[in-house]
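Let's take a friendly walk through this model, one region at a time. Keep the structure open beside the text as you read.

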Amino acid sequence: MNSALARQRLELLPSVASACRLCPRECGVNRLKGEIGFCGAGQEAEIFLEYVHWGEDADITPAQTMYLTGCNLSCVFCQTAEESQCLPSVRLTPEMFKNILVQGRRSGAEFVNILGGEPTVNMPALLELFARSGDFSGLVWNTNFYGSARAFQLLDGLVDVFMGDLKFGDPACAKTLSGAEDAGETARARALEIYGRTPDRLIARHLVLPGHFDCCTRPTLEWIARNLPGVRVSLKTVYLPPRSLPQDCEEKRFLSPEEAATARRLAEKLCLNLTRDADLSSEQTCKERPDSARPPVLVEAAIAPDGRVYMRHIVREAAQLLSRLESAHE
Ligand code: SF4
């Protein structure tokens, strides 16, 4: 991330944020004067969780991960929505941002993974932080891809990896599950544009949802194979149902092993360039010593009906534990 370039992009920001068109909601509020639209993001970024993540895709691990408040989708299966409401958030000042970067590097992080909520709705604050942080490498924009073309153009050259969601194959599912009928279509448009500019900076992520193979997983994977040849694909088959969902909801259950295997078989048949999971037992993970100055992180674990263990917030110690549990399960 080049700070001088971020300063240039800040000058262009009013064209898309003074009457906000950062995403298809097009609220029209003046984000540069602190007005707030659908996403709830303010003029400054609010952070509610940060730690070094050791269990993301190998291509972006270990990553200093920062969770910001504010999102423009209302996904029923979102895990972080609950957390963002329960955990206290604080204003992410330039000093705090720099400190987190330094601490992250000291703890072994090679990437800076910004997510939310949604980073794109926080662009006014993030560009300001980037402009004042000094250069750093390995910036990951971990996005739902529900942003405008103009917003993503402003990120061109600043971001090293766009980890973008291609979740929905059917507008009806997008509407029911995320509250935005055009979420799938918008995400595909952004993926195509980034692929056209910098294909090596794109990772297309697809979360396999229970009961959504024919409507979402199959069409999405086939679309990727046709339109983004060779792109890295992160196929997520570790779906953890949120506690807040009602029991009778399809998305309340874990993905069955058969559903996960069917999705993987299709990806292989289409010759998709699948990313690898991080090696949880890697030498580096084991060698790094805990940093007592960092705040504690609540790691959530769940056991699926078939005995598989799922974890959220895989800090170093959780990665080591998960590695041992996986070995025992095998
Ligand atoms: S980023 Fe937020 S304020 Fe701007 S258009 Fe989207 S939802 Fe509205």
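Is the crossing of α1 and α5 left-handed or right-handed? The crossing of these two helices is left-handed. Please keep in mind throughout that this is a predicted model.

**The helix pair**

Two packed helices are described by the angle between their axes and the distance between the axes. For helix α1 (residues 3–12) and helix α5 (residues 123–133), the axes come within 7 Å and cross at roughly 145°. On the α1 side, the contact is made by Ser3, Ala6, Arg7, Arg9 and Leu10, which meet Leu127, Glu128, Phe130, Ala131 and Ser133 of α5. Sorted by class, the residues of this contact are 5 nonpolar, 2 polar and 3 charged.

**The chain as a whole**

Stepping back, the protein chain contains 12 helices and 11 strands. Its radius of gyration is 19 Å, close to the 20 Å that the globule rule gives for 330 residues, so the chain is as compact as a globular protein of that length. The C-alpha trace spans about 55 × 45 × 40 Å along its principal axes.

**The sheet**

Now look for the open sheet of 9 strands, where the pairing is mixed and the order is β3-β1-β2-β4-β5-β6-β7-β8-β9. Its edges are β3 (90–91) and β9 (273–274); each has a single partner strand, so one side of each is left without a neighbour in the sheet.

Within that order, strand β1 (residues 46–53) and strand β2 (residues 63–68) run antiparallel and are joined by 6 bridges. To find one of these pairings on screen, pick valine 52, whose bridge partner in β2 is glutamine 64. In a regular strand the side chains alternate between the two faces of the sheet.

Strand β10 (residues 300–303) pairs with strand β11 (residues 309–312) in the antiparallel sense, over 4 bridges. Here alanine 301 stands opposite methionine 311 in β11. The two strands form a hairpin with 5 residues between them, and glycine 307 in the turn has a positive phi of about 95°.

**Backbone spots worth a look**

Most residues other than glycine have a negative phi, and most peptide bonds are trans. Which peptide bonds are cis here? The table shows two of them.

| Cis peptide bond | Omega |
|---|---|
| Threonine 61 – proline 62 | about -5° |
| Glycine 116 – glycine 117 | about 10° |

Proline 62 is found in the loop between β1 and β2. Glycine 117, in turn, has its place in the loop between β4 (111–115) and α5, and α5 is the helix that crosses α1.

Glutamate 26 is another spot to check: its phi is near 45°, a positive value in a residue other than glycine. This glutamate lies in the loop between α2 (14–17) and β1.

**Around the ligand**

Which residues come nearest to the ligand? They are Cys20, Cys23, Cys27, Gly37 and Cys39, out of 13 residues around the ligand. By class, this shell has 9 nonpolar, 2 polar and 2 charged residues.

Conventions
Residues numbered from 1 in each chain as written. Predicted model: local features only at pLDDT ≥ 70, side-chain atom pairs only at ≥ 80, totals over all residues. Pairing = 2+ DSSP bridges. Axes fitted to C-alpha atoms, helices over the stretch in contact; angles between N-to-C directions. Left-handed = near helix turned anticlockwise from the far one by under 90°. Contact = placed C-beta atoms within 7 Å. Nonpolar A, V, L, I, M, F, W, Y, C, P; charged D, E, K, R; others polar. Near = placed C-beta within 6 Å. Rg over C-alpha atoms; globule rule 2.2 N^0.38 Å.
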